[in-house]
Every structure is written in C-alpha cells, then in structure tokens.
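Here's a quick tour of the model you have open. Grab a viewer and follow along, topic by topic.

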Amino acid sequence: MAELATLGVDAEDLGPKKKDEKEGLPPLPGIDKVKSPVFRMAPFPSGPLHIGNARMVVLNDEYAKMTKGKLILAFDDTIGAMKKKIEEDDSGAKYVIPEAYDMIREGLTWLGVNWDQEVFKSDRLPIYYDYCKQLIQKGEAYACTCEPSAFKAFKDAKKPCPHRDQPIEDAMEGFQKMLDGAYEEGSAVIRFKSGVDLSDPALREPVIMRISDAEHPRVGTKYRVWPMLEFSWALDDHLLDMTYIIRGKDLFKEDVIEEQVWKIFGWKPVHILHYGIISTEKLGKLSKTYAREMITKGEYVGWDDPRTWTLQSLDRRGIRPEPLRYVLLSQGLKMADVDFPASIMYAENQKIIDPISNRYFFVEDPVPLSITGIPDRSYTAEPLVNPLDPSLGNRSISILVKDGAKKVLVSPSDVEKIKGAGGDVLVRLKDLFNVTVPGGDISKAAFHSKDLDAARSQKAPVIQWIDSDPKNNVVVQVLMPDGRVTSGRGEFNLQSVKAGETLQFERFGFVKVQSVTKKKVDAWFTH
RNA sequence: GCUCCGUUAGUGUAGAUCGGUCCAGCACAGAGGGCUUUCACCCCUUUAACCCGGGUUCAAAUCCCGGACGGAGCACCA
C-alpha cells in the first residue's frame with residue numbers, strides 16, 4: 001500500500017517534466033566545439049519553394065535559431081547544358097527562371113525564416129575556376145573528351161579512361177580550351193580523380209566542370225563553363241565557413257566528393273546531416289517543370305495554384321506557416337523516407353483558424369426544396385457568427401414567404417439522407433424552422449413547426465439551406481486542392497465578406513476568400 | 001546489375017546513446033458515445049504497430065547475424 005502511494009506521487013511529479021524535455025530538435029553533433037555555427041539553404045531557383053523544399057529550409061532555420069547561428073541563403077543557380085534545357089523530359093530539364101529568386105524570398109518570409117546573408121553561386125564562377133585549376137595542378141583532375149557512353153563503359157569496368165593519365169599541362173590546356181570556347185558544349189568536361197575502382201559506381205570519377213552555352217538569367221553568357229553541384233559546394237562549404245550541412249539523403253554522393261576535395265586542400269571537414277526523402281506522391285505531381293508547363297498552358301492559375309503545393313499556394317489557400325513548420329520539425333532528421341503528413345498539418349491549421357473563421361451557410365450543387373403551409377409572411381434565422389466566440393454575436397438571414405409557400409436550396413447529399421430514412425421525415429432547416437418531407441419527395445415538403453425543441457425531440461436532422469430567391473443569395477465558387485471547382489449558393493451575408501478572410505462554410509469546410517463581387521464569392525478550399 | 005540508406009498502428013512520431021520502468025507513449029485519422037440548432041469545436045470510450053527468421057541475455061522495439069521489402073545514387077540535373 002505504501003508502495004503504491006509512493007509510485008503515484010512519483011508518476012505525477014515525473015510526467016509533465018518529461019514532456020518538457022522532449023521539445024524541439026535533438027542537439028547537433030559536436031555543437032559544443034563550434035564557436036559560430038553557420039547553416040545554409042541552397043534552393044535551385046527553378047520556381048518558388050514548395051512543400052518538398054520546405055523541410056530543408058525549416059530544419060536549417062530552426063537549427064540556426066536554436067544555436068544562434070548564421071543562416072545563408074545561397075541560390076544554387078548554376079546551370080547545365082543548353083541541350084538539356086531544350087529537352088522537355090521532366091527528369092532532365094531543370095533551369096533557372098528569373099522570377100524564382102523573389103518567389104523563394106517571399107516563401108521564406110512567409111515561413112518566418114530569417115536569413116543573414118545571400119549568396120549567388122552564379123557570382124562565384126572565378127572562384128570555381130581558380131580551385132579547379134589548383135586541382136588539375138595537383139594532378140587530381142583531368143580534361144576528358146570521352147563520349148558519355150564510352151566513359152560509362154570504362155566506369156563500369158573500373159578502368160581509367162584514356163584521358164585520366166594525361167600530363168598536367170594537357171589537362172590545363174584542356175580546361176583553358178573549354179573556357180576559350182575551343183570545345184563545343186558537351187564535348188569536354190573536367191573530371192575529378194575520386195578513384196576508378198570505388199565500389200560504388202555512382203562515385204567514380206565524377207564530372208566537376210562542364211560547358212554550357214545556355215544563357216543565365218543573372219549573368220547572361222558571361223561564363224560558359226559551369227561547375228557541378230558537388231564541386232561548387234565542396235568549395236563553398238569551406239569558403240563560406242559552413243559548420244553544418246543539412247540535406248536530404250539523396251545527396252549522399254555529394255558528401256563523398258566534398259570530403260575528398262576538402263582532404264586534398266587540407267580543409268577542415270564540415271558536419272553533414274541527412275534526412276530521408278519526404279514523399280509528396282499522394283498530393284499529386286509536384287515537379288516544378290510540370291507546374292510551369294501547366295501554368296503556361298493555363299491549366300493552373302499560376303505559381304500559387306493549389307496543385308503546385310508551393311508555399312505561395314498554401315498561403316493563398318489559408319494554411320498558416322506554423323502548422324507546416326510544426327509537421328516538418330516533428331519529423332526531425334530521420335533517415336527514413338516518409339509521406340508528407342498533410343492531415344496533421346490540416347489538424348494543426350484548424351486549431352489556428354477555427355476560432356477566427358466566421359461561419360456561413362453554403363450549399364453545394366443545390367437542389368430546390370418546396371415548402372407549403374407556412375403560416376407567417378417572413379422569418380429570420382439568427383445563427384451565431386462563430387460558436388467558439390459568442391461575443392461576435394449573430395448574423396441574420398431573413399426570408400419572405402408568399403402565399404404560405406417557399407422554395408429553399410438544399411444539398412443533394414442531405415436529400416439522399418432524407419430519402420434513405422424513408423416515410424415522412426422531419427427535417428430542421430438550421431436556425432429557421434422544421435419541415436416534413438413526405439417519402440423523401442423534396443417537391444412536397446410541408447411546414448411543421450418553428451420550435452427547435454420539436455425537432456430535437458424527434459432527433460430530426462439539421463441541414464443547411466439557402467433562400468432560392470436570387471436576390472437573397474450569392475453564387476459561390478470553391479476551388480478544391482485537386483483543381484476541381486465546385487459551386488453552389490451561399491447566404492446573402494457573404495457579400496460583405498472580404499478577400500483574404502478565412503471562413504467556415506458550415507458542414508462543408510474552411511475556405512479562404514479570393515474575391516467578392518455583388519453576386520459572387522470566389523473562394524479556395526483550405527481543408 | 002553495382003553501391004549506399006532505411007523498416008514502430010492508416011499517417012507522422014516517442015522509444016537512441018546506458019537491453020528491464022514498453023504486454024510500447026503521443027498526435028492526426030477511424031469507430032462508438034456525450035455536448036451542440038454544423039459532419040466544426042469540446043469531452044469520454046475504443047480499434048490498431050515493434051518487417052521476417054535466427055542469435056546473445058535471466059531479460060530485446062532496443063545489441064549481433066541473415067533475409068524480405070522499400071527508397072536513393074550509378075547524368076556534361078540540382
């Protein structure tokens with residue numbers, strides 16, 4: 001007995017304490033030895049940031065905040081060969097679009113990210129050239145003119161290609177010819193001597209510099225030789241004093257190359273951390289190339305179309321940044337691949353918007369319900385603006401009755417339920433009055449009573465309704481996350497709503513208002 | 001084919017480092033109920049997982065080995 005009592009006390013004391021300790025991300029390895037932590041976000045400016053990029057951003061930002069470190073926004077805007085650009089194949093065609101720089105900044109700002117410095121990789125070509133020459137000088141890189149397929153054969157056989165053993169002078173000359181334009185795009189590259197017999201074929205003798213005649217949005221055609229991602233970062237991670245690299249595990253190969261380069265130059269290695277791939281498959285096709293195509297075709301409304309899942313699109317839909325950060329951070333730095341937990345993000349978002357979203361009646365794909373035998377000439381429904389905050393008061397919806405008859409609009413799904421019940425069904429038109437629908441026939445409904453208690457005592461379903469009088473309703477259009485547009489009618493009060501407001505359509509969901517005219521409200525579905 | 005990585009309920013996670021306190025916790029979703037003039041919110045109850053097989057051990061989700069499954073890389077994309 002005494003034991004039980006003691007245990008009880010202990011459990012109560014430990015419980016809440018334990019919880020507090022679990023907050024936030026785990027500490028960074030070796031952080032106690034790092035004087036001034038530096039992190040980086042390295043987006044490729046091919047479009048605005050989407051949900052898939054957000055993980056990289058949020059993780060780096062959060063750690064920078066936790067450690068009071070510096071966060072660099074490094075636009076990874078090096079470009080590949082021209083012919084790649086022309087291919088419509090979405091696995092290969094990636095290119096920089098000028099508007100992307102600002103769209104990325106906009107997304108970051110929305111996410112609450114504070115960065116201390118901006119770097120453009122496209123400004124740093126002379127640096128890459130310099131170190132490339134040093135590498136060649138050290139005999140660690142060479143100029144290769146193999147056809148890609150020919151090189152692959154050497155690589156697969158773990159054999160050096162004929163250019164690997166060229167004299168340093170030849171390699172230097174080869175690089176110079178690349179710079180001078182003596183080689184055409186695609187006809188020569190600089191390769192790094194990582195090792196021809198590495199067990200992992202992905203790591204053998206990677207290209208570090210190649211020619212591109214493509215025009216760059218920032219620097220035009222000033223440079224025609226561009227570094228590969230892993231090489232430019234091998235240099236910049238050191239040159240920019242990076243202390244931590246947090247990247248997806250799909251960039252694992254880059255680690256190895258970077259580490260080899262650091263070793264050659266005698267540089268201190270940077271901590272590298274990986275997280276698993278976050279799958280957005282279930283959300284639809286998220287490629288930026290695809291999105292751009294759909295925007296061009298006019299299928300998507302723009303870079304903030306809900307189907308793009310860009311940060312802009314989330315904002316426009318009514319998703320707040322906090323829930324996104326929350327789900328991304330809760331996933332931590334696991335190496336396991338995961339599905340993006342959209343439902344959790346929605347649940348978190350709802351906690352924020354529910355108390356501040358005013359309620360309105362909306363009926364999707366409405367059908368008329370004809371009621372007869374109504375005693376009074378007019379009725380007024382007065383539903384709460386938001387039941388979560390009664391101090392906001394009530395709105396008022398008045399209807400006029402002519403010759404005891406009235407038509408209201410109701411939802412087909414509610415009609416189905418009424419029909420399913422069979423026989424005469426008592427239905428409460430929310431906040432208005434009760435009607436009987438004989439045998440589910442919505443053309444023959446009859447007034448039953450006004451009193452709520454009458455409906456309650458019979459457990460009558462309560463449904464949404466809209467006055468069928470066009471002067472007393474508005475047309476409502478809702479763009480769904482999958483691009484579908486659904487429409488219906490909403491209560492007249494909707495005409496005083498403002499663009500940008502988040503609303504709740506009762507028994508339908510949350511929406512964010514896009515535009516309002518006298519007779520029409522355009523909204524996007526939040527969740 | 002080669003290489004690397006991963007595998008806790010429907011989804012996301014906790015559990016690490018120091019194997020017992022885990023017949024596995026939490027959140028969201030699901031089911032049922034209560035409250036409610038919303039299928040919202042709130043409250044209560046409930047379903048449901050340690051990939052498989054060996055081993056070490058008094059004791060394994062946690063350590064070791066093998067397998068299966070999944071992902072990534074093997075691009076002059078990032």
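Contact here means heavy atoms within 4.5 Å. Keep in mind that this is a predicted model, where local features need pLDDT of at least 70, side-chain atom pairs count only at pLDDT 80 or more, and totals for chains, interfaces and linings use all residues. Residues are numbered from 1 along each chain as its sequence is written, chains are lettered from A and ligands numbered from 1 in the order in which they are written, and side-chain values use heavy atoms, with hydrogens and water left out.

**Overall layout**
- Chain A is split into domain 1 (31-279) and domain 2 (357-368 + 376-411 + 452-527), with bounds that come from an automatic or database domain assignment.
- Between the C-alpha centres of domain 1 and domain 2 there are 54 Å.

**Around the RNA**
- RNA strand B is surrounded by 62 residues, the closest being Gly186, Arg210, Asp431, Arg456 and Arg507; a residue is near the strand if one of its heavy atoms lies within 4 Å of it.
- Sugar or phosphate accounts for 66% of the RNA strand B atoms within 4 Å of the protein, and bases make up the rest.
- Sorted by class, the surface near RNA strand B has 26 charged, 24 nonpolar and 12 polar residues. Ala, Val, Leu, Ile, Met, Phe, Trp, Tyr, Cys and Pro count as nonpolar, Asp, Glu, Lys and Arg as charged, and the others, Gly among them, as polar.
- Polar contacts (pairs of N or O atoms within 3.5 Å; within protein, one must be able to donate a hydrogen and the other to accept it, and residues adjacent in sequence count only if both atoms are side-chain atoms) include one from a side-chain N or O atom of Asp337, 2.7 Å from a sugar or linking oxygen of RNA strand B.
- Lys155 also puts a polar side-chain atom 2.8 Å from a sugar or linking oxygen of RNA strand B, while Asp76 uses a backbone N or O atom at 3.0 Å from such an oxygen.
- Among the elements that give two or more residues to this surface are helix H6 (148-156), strand E5 (189-192), strand E6 (207-211) and helix H13 (342-353). H13 gives the most, with four residues. Helices (H or I, at least four residues) and strands (E, at least two) are DSSP runs, numbered from the N terminus.

**The nonpolar cores**
- A nonpolar core is a set of buried Ala, Val, Leu, Ile, Met, Phe, Trp, Tyr and Cys residues joined through side-chain atoms within 4.5 Å. Buried means under 20% relative accessible area, exposed over 50%, and partly exposed in between (1.4 Å probe, protein chains only).
- The largest core has 86 residues, of which Ile190, Met209, Leu324 and Phe340 touch the most other members. H2 supplies its largest share, eight residues.
- Setting aside neighbours within four places in sequence, Leu324 is in contact with Ile51, Ala54, Trp110, Leu111, Leu311, Leu314, Phe340 and Met345.
- Another core of 28 residues lies apart from the largest one and includes Tyr379, Ile418, Leu432 and Ile442.

**Residues to click on**
- Ile136 sits in helix H5 (residues 125-137) and counts as buried because its relative accessibility is 0%.
- Glu205, in the loop between E5 and E6, has a positive phi of about 45° although it is not a glycine, and counts as buried at 2% relative accessibility.
- Asp241 likewise has a positive phi, about 60°, without being a glycine, but is exposed, with a relative accessible area of 53%.
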